[in-house]
Amino acid sequence: MNKEDFIRKWYNSFPENIEPYEIQQNIIEDHIRDFEEGDIADRLFKFKSYKKQIVFLAKIRGGQWNINEQKVARFKNKILNNEIPFPIVYDKRKASIIDGSHRYEAFKELNFEQVVCYIGQ
C-alpha cells in the first residue's frame, strides 16, 4: 500500500469526532503510569472534544518527550505491515503532542508527509 492509500485508510478507520474519555480508553494501557503520576489526564481533558484531521508532519512540533527507539521501531514495523495505529492526539494551541510521540517519530522516519491527528477543540 502506498503512503497516500495508507493515510486514507487510517483516516477512514476512526470517527470524525471523539471525546477525551474515549481517547483515554484507547491509550491508558500504554500510559498507565502517566495517568497515575503525570499530567497526561490534565492535558487530555483540557478539551471537551477532538476533531480528526490530516496534518502535515512539518506543522507538528515533535521532540518534546523522551523517545524509546524500540517503541518507534515497533510502530515502524506495524506501519510497514499496514497496521493502522490510533491517531496522534494533538494540542494545537500549545503545539504539543498529547499522545503519539512514538507514532510521530515512526512516521517521520518513514518519510511520511502527513499523519492523522485528533486535534483538541
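**The sheet and its aromatic pairs**

User: Which residue in β5 stands opposite lysine 52?

Analyst: Strand β2 covers residues 50–56 and pairs with β5 in the antiparallel sense, over seven bridges. (Pairing requires at least two DSSP bridges between two strands.) Opposite lysine 52 stands tyrosine 118.

User: What kind of model is this?

Analyst: Residues are numbered from 1 along each chain as its sequence is written, and side-chain values use heavy atoms, without hydrogens and water. Local features need pLDDT of at least 70, side-chain atom pairs count only at pLDDT 80 or more, and totals for chains, interfaces and linings use all residues, as this model is predicted.

User: How many residues of β5 are buried?

Analyst: Strand β5 covers residues 114–120 and is mostly covered. Buried means under 20% relative accessible area, exposed over 50%, and partly exposed in between (1.4 Å probe, protein chains only). Of its seven residues, the buried ones number six.

User: Which strands stand at the edges of the sheet?

Analyst: Five strands make an open sheet with mixed pairing, ordered β1-β2-β5-β3-β4. Each edge strand has a single partner, so one side of each is left without a neighbour in the sheet. The edges are β1 and β4 (96–99).

User: In β2, what is the bridge partner of asparagine 17?

Analyst: The pairing of β1 with β2 is antiparallel and runs over two bridges. The partner of asparagine 17 in β2 is lysine 51.

User: How many residues apart in sequence are the parts tied together by phenylalanine 14 and phenylalanine 86?

Analyst: There are eight aromatic pairs in the structure. Phenylalanine 14 and phenylalanine 86 form an edge-to-face one, at 5.5 Å centre to centre and 85° between the planes. (Rings of Phe, Tyr and Trp, its six-membered ring, pair with centres within 6.5 Å; planes under 30 degrees apart are stacked, over 60 edge-to-face, the rest tilted.) Phenylalanine 14 lies in the loop between α1 (3–12) and β1 (17–18), and phenylalanine 86 in the loop between α5 (69–80) and β3, so the separation of the parts they tie together is 72 residues.

User: What is the relative accessible area of phenylalanine 86?

Analyst: Phenylalanine 86 is the partner of phenylalanine 14 in the edge-to-face pair. Phenylalanine 86 is buried, with a relative accessible area of 12%.

Notes: Helix = DSSP H or I, 4+ residues; strand = E, 2+ residues; numbered from the N terminus.
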